[in-house]
Amino acid sequence: SNKKIQVDMNESSGVATMKFKSPPVNSLNLDFLTEFCISLEKLENDRACRGIIITSAIPKIFSSGLDITEMCGKSTEHYTEFWRAVQEMWLRLYSSNMVTLAVVNGSSPAGGCLIALSCDYRIMADNPKYTIGLNEAQLGIVAPFWFKDTFVNVVGQRVAERSLQLGSLYPAPEALKFGIVDELVPEEKLQEKATAVMAQWLALPDHARQITKSMMRKAVLDLLVAHREEDIKNFTSFVSKESIQKSLRMYMEMLKKKKS
Ligand code: CO8
């Protein structure tokens, strides 16, 4: 099968590694999101698995975020199914009982940044060419409230408000300065550092850490659970607007032009 995510379980440490490998840029399309949720659920239900390291097998890119083609020229039914999958991914990851560690070994805009922000800890490759942030505003679209809440929970109200309004993508050193990531590590040391950080988190008893995590995140999770259908309706009516379709098409064209 052509898997988009490679999962390797280390039985002796109880740590699984999830590696995104969906060329060219690990964009989050429906198939990717579905596979992500299934993999996460399997690990969540595996008593032997206590922590997961999330990283990319694609050089220079962690994830390019939501697949923009999933939001262009599709039916309301498609938008509904797609958005439900995006919600599902976040609900599972943000509420995971496992220790979740993002090893951001490349650029990580928008939905890619959301995945990293949803983890317990983030280490990023010390390379100013790699950027991270919630850049939705630059595409003429708006980050949903639960993207915003996840961001606020990591960096605080002020940094989140400014970054979201400007759609800022920060080079790794600035991302560290603003607390979007917790540590920068030379790229060749990422693996070693990830193992050490994970060991530190796993040294505590699971139950106390899990209850604490849930306490910190519950309010934000509950809000989406309570307004899930409304959030889907908001998304589908928003992306269905001709003005938004036009913004997304222009952005895709800009990406292609930049290339040649
Ligand atoms: N979706 C679909 N296709 C993409 C995406 C994407 N997110 N990103 C890149 N691609 C495509 C490119 O168009 C290009 O296609 P082709 O080969 O056919 O020309 C191919 O992938 C490779 O891209 P690049 O040539 O640009 O590769 P680089 O290595 O130069 O750059 C980057 C990689 C940095 C990832 C760059 O592609 C980039 O900046 N991409 C855009 C990322 C982005 O802005 N994503 C935001 C998506 S929106 C989101 O995640 C949250 C939305 C929340 C919903 C809001 C309510 C409506």
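Modeller: A polar contact of 2.9 Å links the side chain of D231 to that of Q87. Another polar contact, also of 2.9 Å, links the D231 side chain to that of W146. Keep in mind that this is a predicted model.

D231 sits in helix α9, which covers residues 228-240. D231 is buried, yet has no salt bridge. The nearest side chain of opposite charge belongs to R228, 7.2 Å away. Setting aside neighbours within four places in sequence, D231 touches W83, Q87, P144, F145, W146 and L224.

Helix α2 spans residues 76-94. The largest nonpolar core has 83 residues, and helix α2 gives the most to this core, with 10 residues. Residues with the most contacts inside the core are F36, I52, I54, W90, I132 and I180. Take I54. Beyond four places in sequence, its contacts include M18, F20, F36, F62, L93, L101 and I115.

I132 stands opposite Y170 in β9. Strand β8 (residues 131-133) and β9 pair in the antiparallel sense over 2 bridges. They belong to an open sheet of 4 strands, in the order β4-β6-β8-β9, with mixed pairing. Its edge strands are β4 (60-61) and β9 (170-171), each pairing on one side only.

Technical notes: Residues are numbered from 1 along each chain as its sequence is written. This is a predicted model: local features need pLDDT of at least 70, side-chain atom pairs count only at pLDDT 80 or more; totals for chains, interfaces and linings use all residues. Side-chain values use heavy atoms; hydrogens and water are left out. Buried means under 20% relative accessible area, exposed over 50%, partly exposed in between (1.4 Å probe, protein chains only). Lys and Arg count as positive and Asp and Glu as negative; His and the chain ends are not counted. A salt bridge is a side-chain nitrogen of Lys or Arg within 4 Å of a carboxyl oxygen of Asp or Glu. A polar contact is a pair of N or O atoms within 3.5 Å; within protein, one must be able to donate a hydrogen and the other to accept it, and residues adjacent in sequence count only if both atoms are side-chain atoms. Contact means heavy atoms within 4.5 Å. Two strands pair if DSSP finds at least two bridges between them. A nonpolar core is a set of buried Ala, Val, Leu, Ile, Met, Phe, Trp, Tyr and Cys residues joined through side-chain atoms within 4.5 Å.
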